[in-house]
Amino acid sequence: MSPLRDLSRPAVPDESYLDHISAETQARAGAAGEWTDTFTGAPTTSTEAIAEGLETVGADITELLRTIHGLAETAYEEHESVAAIAAVLASRGIAVETGRYGVDTTLRATTGSGEGRTIAILAEYDALPEIGHACGHNLIAAAAVGAFLALDDLAKRDPAAVPGTVVLLGTPAEAGPSGKEVMARAGAFDGIDAAIMVHGYGYDCADQVWLGRRLLEVTYTGVAAHASAQPFMGRNALDAATLFYQGLGLLRQQMPPISRLHAVIADGGTRPSIITESATVQCYVRSKYPETLKELSQRVEEAAMGAALMTGTGVEVTWDEHPPSLPVRGNAALTTRWALHEEERGRSPLPAGVLDESIAASTDFGNVSYRIPGIHPLIRTADAEVALHTREFAAAAITPAAEAAARDAAYGLACTALDYLVDDALAAEVDAEFTRAGGAIDVEHYFD
């Protein structure tokens, strides 16, 4: 038997599972087929012009990536980040609107002929509290702006080369408050036919699972009493919170393995000598499909109610202080175009199913993807073992590798957007695939 570890320190998590995931990913990647489709997309002259345009604006992309990283503004506080983006656009003679859709830190600009389809390129720029751009939103913004600048340059040189409209849409508050859903309810995606964006990651991955997410807060109200002299006259809210917390642990055995439950007891009382009168549990509920997220939400709420019954406490259940996020519904036709263009930049994006789906987080882009067709690919910014939402990823988001990823991502976004605007057959398949997957749903009222 191994000697007892030093209990003054936490145990170091074993990385064997991550090592196996890495090895299995490499094996599946080697067996994956080549990216191919039958669509013509944009002409080579246009994609070459985009590449040339990105060389011209490369310094702007790098500067923006670094500036936003340094600002590290959190949700709905991204005023200077928006100003930095607006300044870059204005320096190129592009009109910019900010503060639309009832949110001060939104941004919108357009380019193209204005006749035909409309596609949006989405930029995020909010950071996480305390650990800054540990999700790499500075790269997302820089890549989106770079793609838009390249398309705007092409449109100015040859208006016929960019039929339709490209919208650069700055979307604040992704990390928690679901800013895209707030914007959507105010009409931000009305009149837009498709939306695309990219996210930094430890792999080049064209299509990966993103879970839907809801936030639940449960407050138990008990009866205070002296914990020694008259405990029988109390009703313990902390007991209820603890039972609910334990119930979540047991529930994990009977839910889909890709679903997730994680919780904290945010308030558990004041003094051991007083039977706790009020306790609060905050819980994230995540799942891979809208239907399973709805079903799991009901089971979690029933567990919360059951804890109140067992302890004789009152209970108040509050869902979604911020709008919920749906899972991301990808679009294979657009995904393939992205992957083909990234191959032109020397990257090898992994197809769906190669990277283990258990490595899954959530994003408010899911809400967009159930309104209109869209893609949310990943681009390698850091080593595979560097996880999102860590200080290590924040450091990686400002390296030369991140700068190269932003330029490559800008190229992929610009070319994919242009493919969609130029190629009628591609656009028809994008729409048909979206319809086959179930079409648009009433996102705002889905969980009512």
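Helices (DSSP runs of H or I, at least four residues) and strands (DSSP runs of E, at least two) are numbered from the N terminus. With that convention in place, I turn to the structure shown above. This is a predicted model, in which local features need pLDDT of at least 70 and side-chain atom pairs count only at pLDDT 80 or more, while totals for chains, interfaces and linings use all residues. Residues are numbered from 1 along each chain as its sequence is written, and side-chain values use heavy atoms, with hydrogens and water left out.

I begin with backbone geometry. Most residues other than glycine have a negative phi. E130 has a positive phi, near 75°, and sits in the loop between β3 (118-123) and α4. Its relative accessible area is 79%, so E130 is exposed; here buried means under 20% relative accessible area, exposed over 50%, and partly exposed in between, with a 1.4 Å probe and protein chains only. H389 also has a positive phi, near 65°. This residue lies in the loop between β12 (378-380) and α10 (391-396), and at 44% relative accessible area H389 is partly exposed.

Rolling a probe the size of a water molecule over the atoms shows where empty space is left. The search uses a 1 Å grid over the protein atoms alone: a cavity is a set of points where a 1.4 Å probe fits but cannot get out, a pocket is an open set with protein on both sides within 12 Å along at least five of seven lines, and lining residues have an atom within 4 Å of a point. Grid points are joined across faces, edges and corners, and a volume is the space filled by probe spheres set on the points.

The largest pocket has a volume of about 950 Å³. It is lined by 43 residues, and those closest to its centre are A360, A361, S362, L388 and H389. Which element gives the largest share of this lining? It is α1, with four residues. At least two lining residues come from each of α1 (16-31), β6 (199-201), β7 (212-221) and β9 (278-287). By type, the lining of the largest pocket holds 21 nonpolar, twelve polar and ten charged residues. In this count Ala, Val, Leu, Ile, Met, Phe, Trp, Tyr, Cys and Pro are nonpolar, Asp, Glu, Lys and Arg are charged, and the others, Gly among them, are polar.

How many cavities of 30 Å³ or more does a search of the whole structure find? There are two. The largest cavity contains about 60 Å³ of space, and its lining includes W210, T335 and H376. That lining divides into four nonpolar, five polar and one charged. The second largest cavity contains about 40 Å³. Among the residues that line it are R329, E433 and F434, and its lining comprises three nonpolar, three polar and two charged residues.

I now move to charged pairs. Side chains of opposite charge can pair when their charged atoms come close. The structure holds 20 salt bridges, each a side-chain nitrogen of Lys or Arg within 4 Å of a carboxyl oxygen of Asp or Glu. One of them joins D60 and R92, at 2.6 Å from N to O. This pair links distant parts of the chain, 32 residues apart: D60 is in helix α2 (residues 44-71), and R92 is in the loop between α3 (79-91) and β1 (97-98). R92 is partly exposed, with a relative accessible area of 32%.

Other bridges lie within a helix. R157 and D153 meet at 3.1 Å, N to O; because they are four residues apart in helix α4 (residues 137-157), about one helical turn separates them. R185 and E181 form a salt bridge with their closest N and O atoms 2.7 Å apart, and both lie in helix α5 (residues 179-185), four residues apart, about one turn. Elsewhere, salt bridges that share partners join D204, R345, R347 and D408 into one network.Finally, I consider a helix residue, A241, which is in helix α6 (residues 237-251). At 0% relative accessibility, A241 counts as buried. From C-alpha to C-alpha, A241 and G164 are 55 Å apart in space, and they are 77 residues apart in sequence.
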